[in-house]
Amino acid sequence: MKDVAPSRANWHGTTVLTVRKAGLGATVIKANARKVRSIGKGDVIGGFAGATADAFTLFERLESKLEQYPAQLTRACVELAKDWRTDRFLRRLEAMMAVADKQVSLVLTGTGDVLEPEEGLIGIGSGGPYALAAARALIDIDGLSAEAIARKALGIAADICVFTNRNLTIESL
């Protein structure tokens, strides 16, 4: 028996993109089912790729960590990642999370990673790499807000990835 990290290739139908630009906070957009939501006291946005039930379990655990460590998203995520990696039940959960507050954007994985991306951009899920590449190309264009970049990048991802559509849910901080 081998315990392995979930494969991104199995996460079809999810594209989550986080864009942070000019200190305007974060926008997380997801196509199709509602896989993004405010968590904590509404000061954190989270999105996930993977099994829905698994992700909601992780959201609940993250909310609990945020209660323990208020206004410390990075600390809460590190504590969740420790549990996710070592707890026999949690380590079987197949999901990847993108979370953001006004200060930081992070990616959490079941392998214990808590990653802060360069340039404030995160793309996860089946269309994540396409949306991320498009957002990187758009980030330096003057006059485009974080939301406008996210919308355009998700549109480009929808043109390329058959699992990404144009139904968007927008959450902003």
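**Close-up views of a predicted model**

**View 1. Strands E5 and E6 pair in an antiparallel arrangement.** In this predicted model, strand E5 (residues 95–100) and strand E6 (residues 105–108) run antiparallel and are joined by 4 bridges. Within this pairing, Val99 has Leu106 of E6 as its bridge partner. Strands of a sheet pair through backbone hydrogen bonds, which can be either parallel or antiparallel.

**View 2. The open sheet has 5 strands in the order E3-E4-E5-E6-E7.** The pairing in this open sheet is antiparallel. Its edges are formed by strand E3 (36–39) and by E7, each of which pairs on one side only.

**View 3. Ala71 sits in the loop between two helices.** The loop that holds Ala71 lies between helix H1 (52–68) and helix H2 (73–86). Ala71 counts as exposed because its relative accessibility is 72%, where exposed means over 50%. The phi of Ala71 is near 60°, a positive value in a residue other than glycine.

**View 4. Glu119 sits in the loop between two strands.** Strand E7 (114–115) and strand E8 (121–125) are the elements between which the loop with Glu119 is found. Glu119 has a phi near 65°, a positive value although the residue is not glycine. Most residues other than glycine have a negative phi.

View 5. The mean pLDDT of the chain is 83, with 86% of its residues reaching 70 or more. Confidence is highest in helix H3 (residues 128–138), at 95, and lowest in strand E2 (residues 26–31), at a mean of 54. Over residues 1–11 the pLDDT stays under 50, and for these residues the model has 15 contacts beyond four places in sequence.

How values were computed. Residues numbered from 1 in each chain as written. Predicted model: local features only at pLDDT ≥ 70, side-chain atom pairs only at ≥ 80, totals over all residues. Heavy atoms only, no water. Buried < 20%, exposed > 50% of the residue type's maximum accessible area, 1.4 Å probe, protein only. pLDDT = per-residue confidence, 0-100. Contact = heavy atoms within 4.5 Å. Pairing = 2+ DSSP bridges.
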